[in-house]
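Here are my notes on this one, point by point. Have the viewer open while you read.

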Amino acid sequence: MAVRIKVNGEERSFDGDAVTPLLDVLRDSFFLTGAKDVCREGFCGACMVHVDGVPVNSCLTPVGLVDAKSVLTIEGLGDGGELVPLQRALEEGDAVQCGMCFPGIVMSLTNLLAQQPLATRDDIKRGLCGNVCRCTGYERIVDAALRLAGNERRANV
């Protein structure tokens with residue numbers, strides 16, 4: 001089956017099995033390796049991408065379901081390799097650890113902050129549900145997102 005997808009603003013096509021996980025198509029056919037292949041069960045969130053603006057676990061999404069849709073990966077967030085404000089905030093807040101989970105965390109928080117620009121600590125924690133980081137206690141991640149959301153006064157509460 002030929003699947004047409006707009007990936008990071010660029011028209012792409014995949015000619016293969018429609019049940020192939022989107023994660024595999026992104027990584028193996030389109031060479032976009034930002035979405036990570038970690039659990040393959042939709043548990044960890046490391047493979048998170050946006051499909052028509054909605055966060056999805058690409059390891060569980062058959063590519064046939066994204067035919068004629070728009071997919072945004074971590075590689076598509078920045079402009080010309082520049083970090084987006086969220087990525088800068090996470091870096092400045094020393095929240096980045098090994099990097100395995102971070103593409104998914106960035107994609108989840110990007111969606112949350114687009115919908116709730118003034119997100120609270122609780123909003124951010126809820127927004128991170130489904131993202132597993134084995135390196136941190138999440139506090140630096142939450143604090144960085146709060147600073148970006150303009151709630152810096154609550155970042156250290």
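1. How many bridges join strand E1 to strand E5? Three bridges link E1 (residues 2-7) to E5 (residues 69-72), and the two run parallel. Within this pairing, isoleucine 5 sits opposite lysine 69 of E5. Strands here are DSSP runs of E, at least two residues, and helices are runs of H or I, at least four residues, numbered from the N terminus. Two strands pair if DSSP finds at least two bridges between them.

2. Before going on, some housekeeping: this is a predicted model, where local features need pLDDT of at least 70, side-chain atom pairs count only at pLDDT 80 or more, and totals for chains, interfaces and linings use all residues. Residues are numbered from 1 along each chain as its sequence is written, and side-chain values use heavy atoms, with hydrogens and water left out.

3. E5 also pairs with E3 (residues 48-51), this time antiparallel, over two bridges. Valine 51 has valine 71 in E5 as its bridge partner.

4. Put together, the five strands form an open sheet in the order E2-E1-E5-E3-E4, with mixed pairing. E2 (10-15) and E4 (54-57) are the edge strands, each pairing on one side only. On average, neighbouring strands are turned by 40 degrees against each other, direction ignored.

5. Now the helices. H3 (residues 102-115) packs on the sheet and touches E3, E4 and E5, its direction making about 40 degrees with that of E3. H1 (residues 22-29) lies across E1, E2, E3 and E5, at about 100 degrees to E3. Contact means heavy atoms within 4.5 Å; axes are lines fitted to C-alpha atoms, for helices over the stretch in contact, with angles from 0 to 180 degrees between N-to-C directions.

6. Cysteine 133 is buried at 6% relative accessibility, whereas cysteine 39 is partly exposed at 21% (buried is under 20% relative accessible area, exposed over 50%, partly exposed in between; 1.4 Å probe, protein chains only).

7. Last, a ring contact: the charged end of arginine 12 sits over the ring of phenylalanine 30, 4.6 Å from its centre. That label requires NZ of Lys or CZ of Arg within 6 Å of the ring centre and within 35 degrees of the ring normal.
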